[in-house]
Every structure is written in C-alpha cells, then in structure tokens.
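Open the model in a viewer and keep a selection tool at hand. The stops below are meant to be taken in order.

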Amino acid sequence: MERIEHRACFGGWQDVYRHRSLTLDGDMRVAVYLPPHAEKRPVPALYWLSGLTCTEQNFITKAGAQRYAAEHGLALVVCDTSPRGDNVADSDAYDLGQGAGFYLNATVAPWSRHYRMYDYVAHELPALIEENFPVTDARAISGHSMGGHGALTIALKNPGRYRSVSAFSPIVAPSQVPWGEKVFTAYLGDDREMWRAYDATELVKNANEKLPLLIDQGDADEFLHTQLRPELLKQAADSVGQPVTLHMRPGYDHSYYFVASFIGEHVAYHAAALRN
C-alpha cells in the first residue's frame, strides 16, 4: 500500500493510501484514520461507505468523525465508491458508472470486469486492513445514501462479520425506486430475482441474524419519498421481528450537514457494540 496523504488529526493520524485491487482489477484509494489508542494496541474498525459521486474525501473532510473515533478508540476505514480509471467503464449519468458502484457485483458487460464493490468491501478490503494496520477483526459498518444501502445489504448478507450496522438516508428498497431500477438493470440485467440479493428490504425478510439496524433519516430530504422510502424497510423488518430503529430528524436534508450532526451518536453506538 502506498501512502499518499498523512495528517495529524485529534491525536491520531488521517492517512490515505493507494493500492492495487485484484477484485476490481485496478487501483483503489482508501482512507484510514488511526486513533491515538492504536499506538499502544490494536483497535476495532468502523467501515464507512459513501454515497453517489463521492470519493473517500467527502467523509473524512466533512463528517467530523475523527473526533469521535479518537474519543472511543476506533479506526475509521473509508473506501472510494467505485473503481476508477481510463479503462473502467463509465456513463455520462452521475448515478451510473464511476462514482456509482452501488456495492454490488455486476454481472453484465461492460460493468462486470471492474464493478465488484461487494466483494471488495466484504472480503478484500478488511483482509487488507487487518493485515497492514493495528486493527482487530471486530468490525462495524455504516454509510450514507448509496453507502447506507451498501452497509445494510453487506451486513445482512454476512451474519457474524459485523458487530453493528447503521445508515444515514439509505436507499433501502432499490428494486422499487428509480435509482435502483436504473443501476440494477445496467449492472445485473433484467432478472429481478437477482436484484433481491442487493435489496435490504428483501434481505431482511430472511435474515439469519437479528442484527439491530440503526437508521437516521432527515424529513426534509429531497429524495425521501422517491428514492429512499425507509418505511418499506421498517415494515419488512417489523413483519419478521428484525430489530430496527428509525430516527426521523425534523428539518434535515440529504447533505453532510445532516451526517455531521449525528455522526457522533453513530460512532458511540458502534463503539458500544464493538466493546462487547
């Protein structure tokens, strides 16, 4: 791994690395924040998945999470939202292609060559982090918007891998909203049965682990009623006894002003689960 950024932050270090991903067949960037505790002992890790158009930079520069990670002794691991490069398939649309990996494994050309973000996040990335940094195998996962979708689906598909999961403004039912229908058709084809494997509302119905789901959603979010629809996940979870906490936050929108306002609560939530 090649370190390309190194900055002191709340007594720890905010670094960014470049590495070759075998899963994605290309170079990737990943940000790693190590709290001061990591100088004495390995620490648990919170993985963060960002939303459409983001890179690793959005979260590490806008959310203010390092302060809380330093307080609780957690590492923060933030990857890019898709493979990138001149040889990686792309689209003129902001919600498809580079910057819009949707944390799935594409099966349709030309996307299938590089767009395997599910395998990267669930398998390659944690193995890389745990091999190269002073972190334990105690993991939590969270994300925003498209990244909230990724956090929920990856946690639900991998019982026992994560101690906790949370999401801000997640796309919870991509099979039923325009964003999801567009990218699932492109990446996975027309067979809607394949879509179910990356749809949190469908996955929760047959989850083998009752991992509590924590969701924060702004009620002034411009995408709330068309793209996000958290009530669909709440209804599905309630029907099978899956624990879910949905906080509707009055006045908040879809931006990082919203994420920054409540990221401290989420880090504390994950810290408690990781300590146990």
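Predicted model: local features only at pLDDT ≥ 70, side-chain atom pairs only at ≥ 80, totals over all residues.

**Stop 1**

Colour the strands. There are 9 of them in an open sheet, ordered β1-β2-β3-β5-β4-β6-β7-β8-β9, with mixed pairing. Select β1 (2-9) and β9 (244-249): these stand at the edges with a single partner strand each, so one side of each has no neighbour in the sheet. Looking from one strand to the next, the twist averages 20°.

**Stop 2**

β1 and β2 run antiparallel and are joined by 7 bridges. For a landmark on this pair, select Cys9, which stands opposite Gly12 in β2. The two strands make a hairpin with 2 residues between them, and Phe10 in the turn has a positive phi of about 50°.

Go on to β2 (residues 12-21) and β3 (residues 26-34). Their pairing is antiparallel, over 9 bridges, and Gln14 has Tyr33 of β3 as its bridge partner. This hairpin has 4 residues between the strands; Asp25 takes a positive phi near 55°.

How many residues of β2 are buried? The count is 7 of 10, so β2 is largely enclosed by the rest of the structure. β3 is also largely enclosed, because 7 of its 9 residues are buried.

**Stop 1**

Tyr47 has Val77 in β5 as its bridge partner.

**Stop 2: two loop residues**

Select Gly51, in the loop between β4 and α1 (56-62). Is Gly51 buried or exposed? Its relative accessible area is 3%, under the 20% cut-off, so Gly51 is buried. Beyond its neighbours within four places in sequence, Gly51 is in contact with Thr81, Gly99, His144, Ser145, Met146 and Gly147. For a distance check, draw a line from Gly51 to Met194: their C-alpha atoms are 22 Å apart, and 143 residues separate them in sequence.

Now move to Asp80, in the loop between β5 and α3. Asp80 counts as buried because its relative accessibility is 4%, and its side chain makes a polar contact of 2.6 Å with that of Arg84. With neighbours within four places in sequence left aside, the contacts of Asp80 are Met28, Arg29, Cys54, Thr55, Glu56, Tyr103 and Met117.

**Stop 3: helices on the sheet**

Select helix α9 (residues 230-240). It lies across β8 (213-218) and β9, running at about 155° to β9. Show helix α10 (residues 256-275) as well. α10 packs on the sheet and touches β4, β6 (135-143), β7 (164-168), β8 and β9, and its direction makes about 175° with that of β7.

Return to α9 and display its side chains. Its buried residues are Pro230, Leu232, Leu233, Ala236 and Ala237. They cover an arc of only 155° around the axis, which means that they are on the same side of α9. The cover over these residues includes α4 (146-157), α7 (200-203), β8, α8 (224-228) and β9. On the face turned away from the buried side, look for the exposed residues Gln235 and Ser239. Following α9 is Gly241, with a positive phi near 75°.

**Stop 6**

In soluble globular proteins, nonpolar side chains tend to be buried together. The largest nonpolar core in this model has 69 residues, and those with the most contacts inside it are Phe102, Tyr120, Val121, Ile141, Leu152, Ile154 and Tyr187. Helix α3 (residues 117-132) supplies the largest share of this core, 7 residues. A second, separate core has 26 residues, including Ala69, Phe258, Phe262 and Val267.

Finish by selecting Leu152. Which residues is Leu152 in contact with, leaving aside its neighbours within four places in sequence? They are Val165, Ala167, Pro170, Val172, Ala200, Leu213, Ile215 and Leu233.

Notes: Residues numbered from 1 in each chain as written. Heavy atoms only, no water. Core = buried A, V, L, I, M, F, W, Y, C linked by side-chain atoms within 4.5 Å. Buried < 20%, exposed > 50% of the residue type's maximum accessible area, 1.4 Å probe, protein only. Contact = heavy atoms within 4.5 Å. Pairing = 2+ DSSP bridges. Axes fitted to C-alpha atoms, helices over the stretch in contact; angles between N-to-C directions. Polar contact = N/O pair within 3.5 Å; in protein donor to acceptor, adjacent residues only side chain to side chain. Arc of directions from axis to C-beta.
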